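Here is a note for a colleague who is meeting this structure for the first time. The points below go through the chains in turn and can be read beside the model.

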Amino acid sequence: MMLTELTIAAAQAGLKRRDFSAVELVGAHVAAIERLNGRLNAFITVTADEAMDAARRADAVLAKGEAAPLTGIPLGIKDLFCTDGVRTTAASRMLEDFVPPYESTVTANLLRDGAVFAGKTNLDEFAMGSANINSAFGAVENPWKRDGDADTVLVPGGSSGGSAAAVAASLVMGATGTDTGGSIRQPASYCGIAGIKPTYGRCSRWGTIAFASSLDQAGPMARTVEDCAILLQSMAGFDPRDSTSVDCPVPDYRAACGRDLKGMKVGIPAEYRVAGMPADIEATWDKGIAWLRDAGCEIVEVSLPYTKYGLATYYIVAPAECSSNLARYDGVRFGRRVPAPSLDEQYEATRRAGFGAEVRRRILMGTYVLSAGYYDAYYLRAQKVRNLIRRDFERAFQQVDVLLTPTAPSPAFAQGEKMDDPVQMYLNDVFTVPASMAGVPAMSVPAGLSANGLPLGLQIIGRSFDEESVLAAASAIERAASFTHRPAIRAEVV
Amino acid sequence: MSLDPATVRRIARLARIGIDESDLQALQGELNGILGWIEQLNEVDIDGVEPMVGTGHAALRMRDDMVTDGDARDAVLSNAPDAAGPFYTVPKVVE
């Protein structure tokens, strides 16, 4: 087996046994990035030299028998996390040359535990998008191909598309993502990997470039559920520098993956069975239900009646928060500046040049729904509907322990499809947005292939701060599905 | 509710994003498409429902009123597009 095929769990054990060195492990991944990133465009910035230096230090630590949980493990970091001394762009022209003088809490936690960063992964600009086509640094290619069609370039999903593509193609063993309305789960589903959005408040937002602050949440992406658990263990935890960080103990996530499911109640929300759902997605969902039943779960039909309003609510709340957060890009303190004779003209010229089309659209939409005379009709109404969506989940979780749904309404689509109409693009997040609105944890796990040979994910949604049940159910699905398919483009074959 | 070109211009002005006149029509169409779609929320009965502001898991914490960070002027200024000594610069705003 090649080193790039290993799971994080297996690599940890191999490094400790000295079966191979961190230099060999990281070197294999750096070489894969050098071979494939030109095509996939999964990384905006590759930090190969720094990664090899870190690998040498990791080997010294390992030689002393002092390994931390992630010593020597090569990871990709979504280019939305500030990394001290390493350019952080949010895939925007606005931050093309921004070099943070500080480290985000999530990445600092990973470094504390010995992780090696191979580079900064591509994303939709400021994490706004569902196909990773909105990057100022170019689109990301999904390493998967439709059966018998090696030419069509598919999207990796978004916004954490670079992270998903890099993990799927074995350029790194795992990656960080952020999820505001599905930006970890939907690309995980499109690229055939696992990814979890933890409970809002579980991972610190400090040092993560903000999009919609009441929704943004960091989480791990990896090829197995257990690897996600290992990464989340390091990323999670209370941080006094984030006022929405929650001070509660982080349980043993890896242990939760092996938990017996006997007696667990799994809800199947009727409202997710939408009209026109592709037959292969419905069939995968039904298989997931059967697998969990076989694992000893009790299957319960539940209703989340406000589900259908999730997306529309999201596309008021998220742009409103985005318009407020992105007001900081004024060309004065950091980021791009386009000089102009007056301050107002300078703001307008800077923001015209710095923001791409989708970011501009969302700022304008957010500005409108917050503007005098429209605030109550749009923003306040959306906040109230958001509360109804949350109550849906609270009611469901009185009956059941987790919910099982498809992650996305389709497999990966081709670059160029769904791109004329913003609303069509937004519909990709129909199944992921409600959990974001409620703040509850949710995970995508690969469960099968579509009729044309592309990965399909199932989503497990849990109670707030009960990532353990989510990981347990996802692990059971992973075991039953025995999803061993790999993408056409990956380190081992190209 | 449908946005006319003047309203799109006004929003762009509020957001301090310059837009080209040639972009105006396309932008108006896209924004109206999104607005038309979110109108569906008008059918929801929200009487007596409290607005949800954040997820409410974390109560705002009190801490001692002490400086916990600082003395990082050079780091703070390190990304300024045009710093002058220890200052940010802007175009002249007072005649």
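1. Helices, as counted here, are DSSP runs of H or I of at least four residues, and strands are runs of E of at least two, both numbered from the N terminus. By that count chain B has three helices and zero strands, and its elements follow one another from the N terminus as α-α-α. Please keep in mind throughout that this is a predicted model.

2. What does the radius of gyration say about chain B? For 95 residues a compact globule would come near 12 Å, but chain B has 23 Å. The C-alpha trace of chain B spans about 55 × 45 × 25 Å along its principal axes, and buried residues account for 14% of its 95 residues.

3. Chain A, with 494 residues, has a radius of gyration of 21 Å, which agrees with the value near 23 Å that a compact globule would have. Its C-alpha trace extends over about 65 × 50 × 50 Å along the principal axes, and 63% of the 494 residues are buried. Of the contacts in chain A between residues at least 6 apart in sequence, 78% connect residues at least 24 apart.

4. The secondary structure of chain A consists of 16 helices and 11 strands. An open sheet of 11 strands in chain A, with mixed pairing, has the order 1-3-2-4-6-5-10-11-9-7-8. At its edges are strand 1 (43-46) and strand 8 (298-302) of chain A, each of which pairs on one side only. On average, and with direction ignored, neighbouring strands of this sheet are turned by 30 degrees against each other.

5. Which strand pairs with strand 1 of chain A, and in which sense? The partner is strand 3 (residues 116-121) of chain A, and the two pair in the antiparallel sense over three bridges. Within this part of the sheet, A:T45 has A:K120, in strand 3 of chain A, as its bridge partner.

6. Two packed helices are described by the angle between their axes and the distance between the axes. For helix 10 (residues 310-325) and helix 13 (residues 375-399) of chain A, the axes come within 9 Å and cross at roughly 130 degrees, so the two helices are oblique to each other. The crossing of helix 10 and helix 13 of chain A is left-handed. Among the residues that meet there are A:G310, A:T313 and A:I316 from helix 10 of chain A, and A:Y378, A:Y379 and A:A382 from helix 13 of chain A.

7. Is A:A255 buried or exposed? This residue, which sits in helix 8 (residues 253-257) of chain A, counts as exposed because it has 12 C-beta neighbours inside 10 Å. From C-alpha to C-alpha, A:A255 and A:V470 are 12 Å apart in space, while 215 residues separate A:A255 from A:V470 in sequence.

8. Where the chains meet, 38 residues of chain B are in contact with 57 residues of chain A. On the chain B side, the elements that give two or more residues are helix 1 (5-14) and helix 2 (21-38) of chain B, and helix 2 of chain B gives the most, with six residues.

Definitions and conventions:
Residues are numbered from 1 along each chain as its sequence is written. Chains are lettered from A and ligands numbered from 1 in the order in which they are written. This is a predicted model: local features need pLDDT of at least 70, side-chain atom pairs count only at pLDDT 80 or more; totals for chains, interfaces and linings use all residues. Two strands pair if DSSP finds at least two bridges between them. Axes are lines fitted to C-alpha atoms, for helices over the stretch in contact, and angles run from 0 to 180 degrees between N-to-C directions. The radius of gyration is taken over C-alpha atoms; the globule rule is 2.2 Å times the number of residues to the power 0.38. A residue is buried if 20 or more other C-beta atoms lie within 10 Å of its own, exposed if 12 or fewer, and partly exposed in between; C-beta atoms are placed from the backbone. Two residues are in contact if their C-beta atoms, placed from the backbone, lie within 7 Å. Angles under 35 degrees count as roughly parallel, over 145 as roughly antiparallel, 65 to 115 as roughly perpendicular and the rest as oblique. A crossing is left-handed if the near helix is turned anticlockwise from the far one by less than a right angle, and right-handed if clockwise.
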